[in-house]
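Dear colleague,

Please find the structure below.

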Amino acid sequence: MKYFFALLSAGLAMAFAAGGAEAQTLNQVKQRGQLICGTNTGLAGFALPDPQGNWAGLDIDYCRAIAAAVLGDATKVKYVPLDATSRFESLKSGAVDVLVRNTTWTLSRDSAQGLDFEATNYYDGQGFMVRKKMNINSALELNGASVCVQQGTTTELNLADYFRSNKMKYEVVAFKSDEETVKAYDSGRCDAFTTDASGLAAERVKLATPDDHVILPEIISKEPLASSVRKGDSQWATIVRWVHFAMVDAEEAGVTSKNVDEMMKSPNPEVKRMLGVEGKFGEGLGIPNDWVVNIVRQVGNYGEVFDRNVGAGSPLKLPRGLNNLWTKGGLQYAPPIR
Amino acid sequence: MSAVTDPSIPVPEIPVSEARSFEGYVSAMPVEPQAPPASTTGVVGWMRMHLFSSLGNTALTIIFGAFALYMIWGLLSFAIFDATWAGADREACLAHTGREAGACWPMITERLAYFTYGSYPIPQRWRVDVVFLLGVIGLIWVLWIDAPRRDLGAFYFFVIVPVAAYCLLYGLPLLGLPIVDTDLWGGFLVTLVISSAGIVAALPLGILLALGRRSKLPVISVASTIFIEVARGVPLITVLFVAKVMLGYFLPERFDPALMVKALIAVALFSAAYMAEVVRGGLQAIPKGQQEGASSLGLGYWQSMRLIILPQALRITIPGIVNTFIGGFKDTSLILIIGMFDFLKTVEVAVEDPKWSTPVSGPTGYLFAAIVYWICCFGMSRYSRAIEMRLSVAHKR
């Protein structure tokens with residue numbers, strides 16, 4: 001028995017040692033020729049298979065962009081759908097290379113879970129939806145309103161905080177499930193419905209007449225949805241972060257999937273550096289020099305990806321809002337490629 | 001009667017004048033026909049006997065009948081009368097003036113291929129069709145009791161079909177079939193593969209475990225008991241979760257088996273543990289005299305089990321066995337926990353799709369899933385019933 005335990009612990013020690021030595025995620029991905037990307041099991045606009053069985057969505061496009069940057073081919077991705085309970089474990093155990101699964105970046109997760117958050121691809125936050133005929137343009141006009149909310153969530157707590165800090169009265173109409181809450185709002189049991197803004201858009205299209213409802217501009221909580229990687233692999237972390245920055249920089253510079261080939265000839269030094277015409281910035285990351293060209297040509301810049309999946313070009317029709325470029329009053333700001 | 005018509009007996013002729021003298025005690029007029037007694041056969045009779053036999057029964061019949069009609073009417077109007085049968089997107093399925101929104105069937109028909117194959121690459125889907133065809137041939141051969149050469153059929157179904165299915169579904173580059181990773185499999189394909197693995201592995205393994213648990217050899221009986229009790233005592237979801245997440249800590253990437261393999265093993269071992277207890281119940285019911293009789297004929301342990309005990313034990317456990325199969329078939333939806341998209345999950349994806357999301361998309365999707373599951377499970381149940389009837393000829397009462 002003693003020997004058995006000795007053997008067992010030796011085996012475990014080796015297994016964990018091997019885990020520690022596997023910090024070179026980039027090499028693994030290159031060797032495998034495929035990126036393994038942890039995604040949602042099905043969330044409209046972020047990760048959902050289309051009728052042909054191909055995954056599509058904002059998070060999915062980030063997986064594709066990383067594959068395009070590292071492997072030069074956006075299709076070389078294996079998607080691993082993860083539910084909320086197994087997502088961090090799967091990343092930590094090495095089952096996925098990167099987690100792009102509408103995960104809120106918080107201090108406790110960043111410090112304790114053995115993972116590093118990299119880039120916020122969607123700034124979400126709690127918002128309100130009301131009927132158009134109420135003629136309300138701001139959440140601050142909701143004094144005295146009844147609000148439908150899902151029970152026992154942080155959403156409910158945020159709601160209480162917001163109304164108290166603005167000295168407004170309100171009436172809570174709480175339900176156990178998301179579905180019940182939406183149904184109650186649709187049937188007129190409350191004036192407003194609150195959940196995360198992206199969720200509001202997804203729920204709005206489930207209503208009988210979506211155009212009769214508006215999402216108010218106020219966002220009362222911070223839910224930055226970010227991609228994350230395992231702790232302790234700074235090279236891989238830098239790549240995942242810069243894939244996002246490159247997509248934002250490309251939008252800012254006006255480089256799109258349609259004009260990227262013409263832009264290669266652009267005299268603009270910023271664009272030249274970005275597209276690898278000048279300098280060796282990709283090689284510095286350990287990936288091909290034309291990484292941004294591959295991302296933009298095969299996937300698109302941040303604006304294109306946003307529009308196609310959750311924005312004006314999608315059924316969700318989410319406004320850019322916080323996710324607009326910093327030059328247009330949003331929060332999407334990327335360091336320069338130089 | 002024959003005496004009356006018998007011509008050998010002379011019938012006395014009664015003069016008309018004398019006939020009158022009978023008037024006192026014989027009716028000259030035929031008795032008025034009475035209404036027949038209340039029928040107890042036929043539809044009306046059955047209804048009178050069972051539904052309207054008393055005031056209370058009549059009231060109950062009317063109340064529940066009205067309730068049932070109301071439910072059926074509601075279901076039919078949702079599923080058929082008010083349903084939308086064609087359309088390009090959610091606009092078609094919204095409530096229009098003059099009618100309520102019923103089921104949104106185009107949302108289902110658009111994704112029928114997705115429900116069947118999941119993300120299986122479209123140019124390779126013929127391989128899945130071939131496997132389905134091979135499976136159906138095997139199923140008919142094995143299940144149709146009067147089919148010719150059923151021994152060959154069993155070999156075909158339990159050996160050739162699984163090997164062919166593996167080569168076709170997963171791929172064999174040698175034969176020019178490119179490999180299709182199991183994470184692309186989905187929909188009904190996954191539900192069928194997992195549940196048939198569970199069903200095919202469960203019965204033999206379960207029988208061995210049941211015999212093992214009753215064994216007189218302590219090693220075997222303790223090992224079987226521990227396995228059965230652990231498998232029954234741990235939720236399948238937990239095991240699947242461990243298989244998915246925790247194995248990565250212990251095994252290097254290249255030794256980590258595909259998710260599909262893990263799911264197959266977990267489901268097969270689980271249903272084997274449940275099956276073992278069902279079979280053990282059947283074994284307990286066989287009187288000890290059967291075993292003793294077999295021994296006195298000089299049959300060894302395996303012979304007496306194969307020829308005497310198991311045929312009787314399995315026959316009386318058919319309902320329990322099929323119950324386990326049906327439960328296993330429906331449990332396949334748990335494999336979503338390890339990120340495999342079974343049939344139910346693919347339907348949920350369709351419900352989630354914003355292109356079709358309307359107030360009726362949820363009910364439509366789940367109604368469709370319920371119908372498909374019901375057809376499969378009811379089929380199994382009817383087949384087992386037929387087998388039972390056939391095998392119980394000797395015991396029929």
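Two residues are in contact if their C-beta atoms, placed from the backbone, lie within 7 Å. This is a predicted model, in which local features need pLDDT of at least 70 and side-chain atom pairs count only at pLDDT 80 or more, while totals for chains, interfaces and linings use all residues. Residues are numbered from 1 along each chain as its sequence is written, and chains are lettered from A and ligands numbered from 1 in the order in which they are written.

Chain A is divided into domain 1 (23–124 + 224–244 + 303–324) and domain 2 (126–221), with bounds from an automatic or database domain assignment. Their C-alpha centres lie 28 Å apart. Across the boundary, 10 residues of domain 1 of chain A are in contact with 7 residues of domain 2 of chain A.

Between the chains, the contact takes 32 residues from chain A and 35 residues from chain B. Helix 12 (236–250) of chain B gives the most to the side of chain B that touches chain A, with 7 residues. Helices here are DSSP runs (H or I, at least four residues), numbered from the N terminus.

Within chain A, helix 9 (residues 234–253) and helix 14 (residues 302–309) pack at an angle of about 95°, with their axes 7 Å apart; axes are lines fitted to C-alpha atoms over the stretch in contact, and angles run from 0 to 180 degrees between N-to-C directions. Helix 9 of chain A is therefore roughly perpendicular to helix 14 of chain A (65 to 115 degrees). A:Met247, A:Val248 and A:Glu251 in helix 9 meet A:Tyr302, A:Gly303 and A:Val305 in helix 14.

Note on methods:
Helices (H or I, at least four residues) and strands (E, at least two) are DSSP runs, numbered from the N terminus. Angles under 35 degrees count as roughly parallel, over 145 as roughly antiparallel, 65 to 115 as roughly perpendicular and the rest as oblique.
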